Amino acid sequence: MSLKVPTDALELQTALQLLAQAGRDLPAGVEPGSAQWMQALIDNLCDLSSRDALTGLANRRQFEVTLSREVDRVARSGEPALVLMADIDNFKIVNDNHGHPAGDQVIKSVAATLLECVRPMDTVARFGGEEFMIILPNCPPAFGHVVAERIRAQIERQPVAVAPGHDVSATISIGGAFAPPWVRSSPLIWVERADRQLYRAKTAGRNRVCLEHAEVYQVSAEEKSMLFGLHSSQEIE
Amino acid sequence: MTERKEPSARAAAPRLARTLAVTSGKGGVGKTLVSANLAASLARRGQRVLVLDADLGLANLDVVLNLHSKVTLHDVFNGKAELESAILSAPGGFSVLLAGSGLVEYSRLTNDVREQLLGIVEKLKPHFDFILLDTGAGISDVVLFAVSLASEVLVVATPEPTSLTDAYATIKVLATQQDRRLIKLVVNQIARAGEGRAIRGQLQQVIDRYVLPALPTGASLKLELLGEVLSDPAVREAVLKRQLIVEAMPGCPAAVAIGALAARLLA
């Protein structure tokens, strides 16, 4: 018991330091240690633990929570949803030529542009390094292509100031996959499918969008009629 | 010089089982029946065969084979049992690994389950000549994952329109998602000889027209007819008695046809 109290106090101190460092102030005029103060502390810590420190986007942990919720939602509602995976092209060259602070600048700028290009209901996350994920709930295929292309074009158009008077241009490659509406997928496989499309975009020359054909999961009327042409023609034979 | 070395190098590496996923798109087309009887036919030809319930607890393998298992894959994953103790001997002279219920809650595939299943298949490969993965119906992610564990895929379909549509959808997804370039087909419950061949031809035409454009340029997708199985009243009889047709009525047309599938697989 006597040992536990100082440890707790120490952790509280660490938490407060973390929040101060992140520029988050607890509400003024609230009694430290009160229930309201503790609640504000917890809320701030939760928010902090779900964000990427460099960009302020959702971090990977938050992305995974949101994605698995989306998987559940799609399975119930049957609404189309899209996951995009974006990766900054030739990022290593930016780092090598201009240094890591410049690389960070590019990542921050791309993150901000991604956020501007999507709806408030969409989730933009930093997945790791120069890789980003975007979850677009309720996103029909036609809209998905438009939004992915808009994002790509906007990044290409937007120069990044890495030093006073020194701009670099960045491009991204985007891969995307729709949630198959009739099946409870898994977050893991959904991401893998988007990743495969990103790989396609990269190998096709970068700075482009590759989305998995949404039609892959459906059998069209044309396909069906060709399939069943069999029975009528066979009867004649 | 190199040619002389090769045999010894080959002998040093253990022979690994061929892995074949048996899937269908639609349920009720005889997928488990084909898996079990194919396994028995392969066993009769001297192959060491394991059938893995890759439907993760929802398969009917235990029902078809009249098997009961106290120890399942679920127990192995939980560390409650050794893998060896979960492997059962089935009547047809092959081995069976049942998943047990509760393996995948709400048919959701977690990374954990994936890793474990992958590990188990790898661990079993040196001990068998064939591992058949009996997958679930539909094209859920569990089915797709189970199929991805195998290097060869066999799609079972019947001439029924719904079965053909679902088989086609499965083939399409496997070609585009898993880069499958060769898929084996068994047409079950045909009314007359040659119907399976006609169906394969028809499916191949639709594939060439509608699936090829979605594949990388130059890629092809070949549907290989492994065989066709005539609709046979003996099958119903054997199923009701929970017997393998190749064991109980080896002379009936369906049993002969399934024996031919095994021969073709080994050819």
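## A right-handed helix crossing in chain B

In this predicted model, helices α8(B) and α9(B) cross in a right-handed way; a crossing has that hand if the near helix is turned clockwise from the far one by less than a right angle, and is left-handed if anticlockwise. Helices here are DSSP runs of H or I with at least four residues, strands are runs of E with at least two, and both are numbered from the N terminus. Helix α8 of chain B covers residues 161-177 and helix α9 of chain B covers residues 195-211; their axes come within 11 Å and cross at roughly 45°. That makes α8(B) oblique to α9(B). Angles under 35 degrees count as roughly parallel, over 145 as roughly antiparallel, 65 to 115 as roughly perpendicular, and the rest as oblique. The axes themselves are lines fitted to C-alpha atoms, for helices over the stretch in contact, with angles from 0 to 180 degrees between N-to-C directions.

Who takes part in the contact? From α8(B) come L164(B), Y168(B), I171(B), K172(B) and A175(B), and from α9(B) come I199(B), L203(B), V206(B), I207(B) and V211(B). Two residues are in contact if their C-beta atoms, placed from the backbone, lie within 7 Å. By class, this contact of α8(B) with α9(B) has 9 nonpolar, no polar and 1 charged residues. Ala, Val, Leu, Ile, Met, Phe, Trp, Tyr, Cys and Pro count as nonpolar, Asp, Glu, Lys and Arg as charged, and the others, Gly among them, as polar.

## How the model is read

Residues are numbered from 1 along each chain as its sequence is written, while chains are lettered from A and ligands numbered from 1 in the order in which they are written. As this is a predicted model, local features need pLDDT of at least 70 and side-chain atom pairs count only at pLDDT 80 or more, while totals for chains, interfaces and linings use all residues.

## The sheet of chain A

Now over to chain A, which has 8 helices and 7 strands. In chain A, 5 strands form an open sheet with mixed pairing, in the order β2-β3-β1-β6-β7. Strands β2 and β7 (209-211) of chain A stand at the edges with a single partner strand each, so one side of each has no neighbour in the sheet. From one strand to the next, the twist averages 20°.

Strand β3 of chain A, residues 131-136, has 5 of its 6 residues buried. Buried means 20 or more other C-beta atoms within 10 Å of a residue's own, exposed means 12 or fewer, and partly exposed is in between, with C-beta atoms placed from the backbone. Strand β1 (residues 82-88) of chain A pairs with β3(A) in the antiparallel sense over 6 bridges, and strands pair if DSSP finds at least two bridges between them. Here D87(A) stands opposite E131(A). Strand β2 (residues 123-128) of chain A also pairs with β3(A) in the antiparallel sense, over 5 bridges, and G128(A) stands opposite E131(A). β2(A) and β3(A) form a hairpin with 2 residues between them, and G129(A) in the turn has a positive phi of about 45°.

## Two asparagines with positive phi

Most residues other than glycine have a negative phi. N90(A), though not a glycine, has a positive phi of about 50°. N90(A) is found in the loop between β1 and α4 (91-98) of chain A, and is partly exposed, with 14 other C-beta atoms within 10 Å.

In chain B, N66(B) has a positive phi near 55°. N66(B) lies in the loop between α3 (61-65) and α4 (73-77) of chain B. Is N66(B) buried or exposed? N66(B) is exposed, with 12 other C-beta atoms within 10 Å.
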